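Let's take a walk through this model together.

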Amino acid sequence: MPDPSAESWSFETRAIHAGQDPDPTTGAVVTPISLSTTFKQDEVGQHKGYEYSRSGNPTRTAYEEQIAALEGARHGLAFASGLAAEDNVLRLLATGDRVLLGNDAYGGTYRLISKVHTQLGWTAVDLLDVDALVANWPTDTRLVWLETPTNPLLRCFDIEAICAAAHERGAIVCVDNTFATPYLQQPLSLGADIVVHSATKYLGGHSDVVGGFLALSDDDLAARLRFTQNAAGAVPSPFDCYLALRGAKTLAVRMDRHCANARAVVEMLQSHPKVESVLYPGLASHPGHRAAARQMRDFGGMVSFTMRAGRDAALRVAASTHIFTLGESLGAVESLIEHPGQMTHASAAGSPLEVPDRLVRLSVGIENVNDLVEDLRTALERA
Ligand code: P1T
């Protein structure tokens, strides 16, 4: 359970103090990396809250309390990767239950639902049109899975309206908040049942730890997820927890800079003749802009665009930048560029979640904004 005093603290303070009281035995201000796999019991069953490090670990507890406090959640559960966290959510369902999946999402999420959890039914749906969604609602739906903003088209969905529709029809809603982060958007306050993160991205923020996270306030659901976290065992190491906790301390200041830099990059891309369209939630013409403006503090650091000349030009831009590094992943201090069709979303080829082949995705980092804009402009000239 998060530190109760954390409830009155603002976001930035929670990031640095929630779950992170100085160590009571030494006074250490920084949360220790607790490597012990086992913990002494005074009598059988009498211990200080820890027995075995898969079931619970002090460094993990600090990190779980920190991120739960940032999401406004009663419970936080850390996992070895974003997909491991997602897998635990899908294990809540029974054979034959249906997942409604937004028709734009991380390729690995689509792969997990459609190729691993083959005992489940799934339908890819356009979550932008809630009326159409409700009109065609499959009655066996138990879970609605949505990213907002989505990966990689950055579509934004009305979390509140979708949750209301789902709850009326007996389904729960899991929101992947990886792109927005709890600094920009807090889905639980809008009615979501579970928030999932790839902590590998903005929470960790430095491209040096793979992790996943679930945040939620429902005690029963949390107990079921805590059971599978331990029983299936996809937990992060204490060092991973330390890195993610350390990274998340600076989430607010990093996000402010990611958003500001992204705005400048969007402006340049919009005026460039080789760019066909710019996808960014902050643009008034963008699908879901109004929902984003309502439910997000700012529009994030992810920007996608399509190249007028097609796929080969998109591949050339992706290979021509110097500061933007060509690579998968996102959300860290350094800027990244990639071609979703052949990289992060290759597993969605031929599916309803296939992405345009002329699409380029940017994770705008926190380097100097003029350097970033010039790097991209030069790459576009060459493409
Ligand atoms: O990579 P992992 O920590 O397992 O998280 C999976 C995941 C879940 N949700 C979203 C929205 C994601 O973007 C990801 C991972 N995405 C990438 C690696 C990528 O480059 O898009």
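Helices here are DSSP runs of type H or I with at least four residues, numbered from the N terminus. With that in mind, N261 sits in helix 10, which spans residues 251-270. Please remember as you look around that this is a predicted model.

Is N261 buried or exposed? Its relative accessible area is 3%, and because buried means under 20%, N261 counts as buried. Leaving aside residues up to four places away in sequence, N261 touches V364, G365, I366, E367, V369 and L372.

Stepping back, the protein is divided into two domains: domain 1 covers 4-248 and domain 2 covers 251-382. Their C-alpha centres are 25 Å apart. Domain 1 brings 45 residues to the contact, and domain 2 brings 43 residues.

Helix 9 (residues 238-248) is worth a look next. It is mostly covered, with 8 of its 11 residues buried. Those buried residues are P238, C241, Y242, L243, A244, L245, G247 and A248.

Now for the ligand. There are 19 residues around it, and D176, T200, K201, S329 and R361 come nearest. Each of the two domains, domain 1 (4-248) and domain 2 (251-382), supplies at least three residues to this shell. Among the elements, helix 3 (residues 82-90) gives the most, with 3 residues. Sorted by class, the shell holds 4 nonpolar, 9 polar and 6 charged residues.

| Residue | Protein atom | Distance to a ligand oxygen |
|---|---|---|
| N151 | N or O atom in the side chain | 2.9 Å |
| S329 | polar backbone atom | 2.8 Å |
| R361 | polar side-chain atom | 2.8 Å |

How much of the ligand's accessible area does the protein cover? On its own the ligand has 470 Å² of accessible area, and the protein covers 92% of it. Two of the residues in the table, S329 and R361, are also among those that come nearest to the ligand.

Methods. Residues numbered from 1 in each chain as written. Predicted model: local features only at pLDDT ≥ 70, side-chain atom pairs only at ≥ 80, totals over all residues. Heavy atoms only, no water. Near = heavy atom within 4 Å. Polar contact = N/O pair within 3.5 Å; in protein donor to acceptor, adjacent residues only side chain to side chain. Areas by Shrake-Rupley, 256 points an atom, 1.4 Å probe, with all protein chains shown as cover. Helix = DSSP H or I, 4+ residues; strand = E, 2+ residues; numbered from the N terminus. Nonpolar A, V, L, I, M, F, W, Y, C, P; charged D, E, K, R; others polar. Domains from an automatic or database assignment. Buried < 20%, exposed > 50% of the residue type's maximum accessible area, 1.4 Å probe, protein only. Contact = heavy atoms within 4.5 Å.
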